[in-house]
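I open this notebook to record what I looked up in the model, entry by entry.

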Amino acid sequence: VTQALSEMKNDGTAAGAPNDIDMLGVREKPNGNWNVQMWYQGTMRYFGTYSTREQAALASRVVQQRLKATSGLKLTAGEIKSNMKLAKNAVTQALSEMKNDGTAAGA
């Protein structure tokens, strides 16, 4: 989690300009919020809606890091559910750290 946040600080994306990797699976909704969803284990998975682009970019980066290790493995439904829960918890932690650091616009 802190790795994703420090990477965004180091490459300048936490300051308001997420790069293409950070925006993987991020889509702006008509109401101005940002959704994060990605393919994982053969199904499109939803990882949340965020009020700013920067929050969604951080969520995307954290999810990518958390799920990367299992991307080529055949998992049971229980393992997938567990990994999804861990990824969502990691996003919550990262957003909390982002807010405490004051590194995101609108945080």
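**Entry 1: a bridge pair.** I began with Trp-39 and found that its bridge partner in β3 is Met-44. I take helices (H or I, at least four residues) and strands (E, at least two) as DSSP runs, numbered from the N terminus. The model is predicted, so I note that local features need pLDDT of at least 70 and side-chain atom pairs count only at pLDDT 80 or more, while totals for chains, interfaces and linings use all residues. Residues are numbered from 1 along each chain as its sequence is written, and side-chain values use heavy atoms, with hydrogens and water left out.

**Entry 2: the sheet.** I then traced the strand order, which is β1-β2-β3 in an open sheet of three strands with antiparallel pairing. The edge strands are β1 (26-28) and β3, each pairing on one side only. Two strands count as paired if DSSP finds at least two bridges between them. I find seven bridges joining β2 to β3 and three joining β1 to β2. Val-26 stands opposite Val-36 in β2.

**Entry 3: the hairpins.** I checked both turns for positive phi. The hairpin of β1 and β2 has five residues between the strands, and Gly-32 there takes a positive phi near 95°. Between β2 and β3 the hairpin has two residues, and Gln-41 in the turn has a positive phi of about 55°.

**Entry 4: Gln-37 and its strand.** Is Gln-37 in β2 or elsewhere? I place Gln-37 in strand β2 (residues 34-40). Gln-37 is partly exposed, with a relative accessible area of 31%; buried means under 20%, exposed over 50% and partly exposed in between (1.4 Å probe, protein chains only). Five of the seven residues of β2 are buried, so this strand is largely enclosed by the rest of the structure. I counted contacts as heavy atoms within 4.5 Å. Leaving aside neighbours within four places in sequence, Gln-37 is in contact with Gly-25, Met-44, Arg-45, Tyr-46 and Phe-47. I also note that Gln-37 and Ser-60 are 23 residues apart in sequence and 8.1 Å apart in space, C-alpha to C-alpha.

**Entry 5: the helices.** I turned to α2, which lies across β1, β2 and β3 and runs at about 15° to β2. α3 packs on the sheet, touching β2 and β3, and its direction makes about 20° with that of β3. Axes are lines fitted to C-alpha atoms, for helices over the stretch in contact, and angles run from 0 to 180 degrees between N-to-C directions. Among the buried residues of α2 I list Glu-54, Ala-59, Ser-60 and Leu-67.

**Entry 6: the core.** I looked up the largest nonpolar core, which has 24 residues; Val-36, Phe-47, Tyr-50, Val-63 and Val-91 have the most contacts inside it. Such a core is a set of buried Ala, Val, Leu, Ile, Met, Phe, Trp, Tyr and Cys residues joined through side-chain atoms within 4.5 Å. β2, β3 (43-50), α2 (53-68) and α3 (77-101) each supply at least two residues of this core, and α3 gives the most, with eight. Not counting residues up to four places away in sequence, Val-91 touches Tyr-50, Ala-59, Val-62 and Val-63.
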